[in-house]
Amino acid sequence: MGRRLYLFLWPSIFFLAVNVLAIVAASKLRAVLFFWPKMTSVQFLIFYFSVTVVLLILFRAIRIPYLSNAHIAVLRPIRLLTKFCRIPAAPFVFWESFIYRLARLKIWLHDLIVVILLIFVALDFGSMFSPGHAVIIIGVIAIYDLLAVYVFKSMVEMSSVLIRFYLIPGVIFPKIRFSDFNSSLGDLSEDFDETKEVKLERFSLLGGGDIGIPAILTVSVMLFWGLGYALAMVGFSLLGLLVTYFFFILLGNRPFPALSFIGLSSITGFLLISLFTR
């Protein structure tokens, strides 16, 4: 029972933290953000999918067998190469040091950094779109999220590589003990089970996009329609998140496209709210 409660509690806390703090910041910076450079949903989606394709090509090019110390396995041959071929070693030494420091980063600090970054992303992009364009973005990316998990398997593949190198664009939370927040990202990588698609025994992940993309819509609604409507959007999005984790538990903690349910709930909320803004 405690594990199931954690699976509902922590995602909700992180989700609310980003959305509510983004609303507060948007209300304080409204005069500035309202005149922020604008972008259409088509322009954003072209940018989003271009970056996604590049990352997929990159991840497939560096695909390696699972090792708990993957960075050591990769960099030892490179260091030998730099030694005997006189290739400048500084970039590789910097990368090794960077990965080593990431592995020692505490999970609570990692989550704090991700939350702050997601708030900035929500403010930046939320001020670029009208609510209509923002909801189109959520709808398209929610469909892509569903296909990426169940059809193309690209989301699972990207998650696997990112976990191995401690580059995790999302929030991490413990399934059992609160004290596990004080673990390091290295512990997360060791907890990763390479025999499954993406399975973590002690921890669970919620992707940054599953929080940040609905927050973009929240900020846009806040700037165009006001505080009350923005809070209502948060409520609808949160409902989608809770439904997501209900099915996540029901399906045995398998990889699940969270943005599909969150997006559907957000779009439903948007359509209902828009009836009162005319």
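# Exercises on a predicted model

Residues 24 or more positions apart account for 81% of the contacts (heavy atoms within 4.5 Å) in the protein chain with a separation of 6 or more. The model is predicted: local features need pLDDT of at least 70, side-chain atom pairs count only at pLDDT 80 or more, and totals for chains, interfaces and linings use all residues. Residues are numbered from 1 along each chain as its sequence is written, and side-chain values use heavy atoms, with hydrogens and water left out.

**Exercise 1.** Describe the secondary structure of the protein chain.

Step 1. Helices (H or I, at least four residues) and strands (E, at least two) are DSSP runs, numbered from the N terminus.
Step 2. The chain comes to twelve helices and two strands.
Step 3. Along the sequence, their pattern is α-α-α-α-α-α-α-α-β-α-β-α-α-α.

**Exercise 2.** Compare the span of helix H7 with the expected one, and list its buried residues.

Step 1. H7 covers residues 131-150, 20 residues in total.
Step 2. Buried means under 20% relative accessible area, exposed over 50%, and partly exposed in between (1.4 Å probe, protein chains only).
Step 3. The buried residues of H7 are Pro131, Ala134, Val135, Ile137, Ile138, Gly139, Ile141, Ala142, Tyr144, Asp145, Ala148 and Val149.

**Exercise 3.** Determine how H7 and helix H12 are oriented to each other.

Step 1. Axes are lines fitted to C-alpha atoms, for helices over the stretch in contact, and angles run from 0 to 180 degrees between N-to-C directions.
Step 2. The axes of H7 and H12 (residues 258-274) come within 8 Å and cross at roughly 155°.
Step 3. Angles under 35 degrees count as roughly parallel, over 145 as roughly antiparallel, 65 to 115 as roughly perpendicular and the rest as oblique.
Step 4. H7 and H12 are therefore roughly antiparallel.
Step 5. Residues making the contact include Val135, Ile138 and Ala142 of H7, and Gly263, Ile267 and Phe270 of H12.

**Exercise 4.** Find the salt bridge and classify the accessibility of its partners.

Step 1. A salt bridge is a side-chain nitrogen of Lys or Arg within 4 Å of a carboxyl oxygen of Asp or Glu.
Step 2. The count comes to one.
Step 3. Asp180 pairs with Arg177, their closest N and O atoms being 3.3 Å apart.
Step 4. Asp180 is buried at 4% relative accessible area, whereas Arg177 is partly exposed at 43%.

How values were computed:
Expected span 1.5 Å × (residues − 1).
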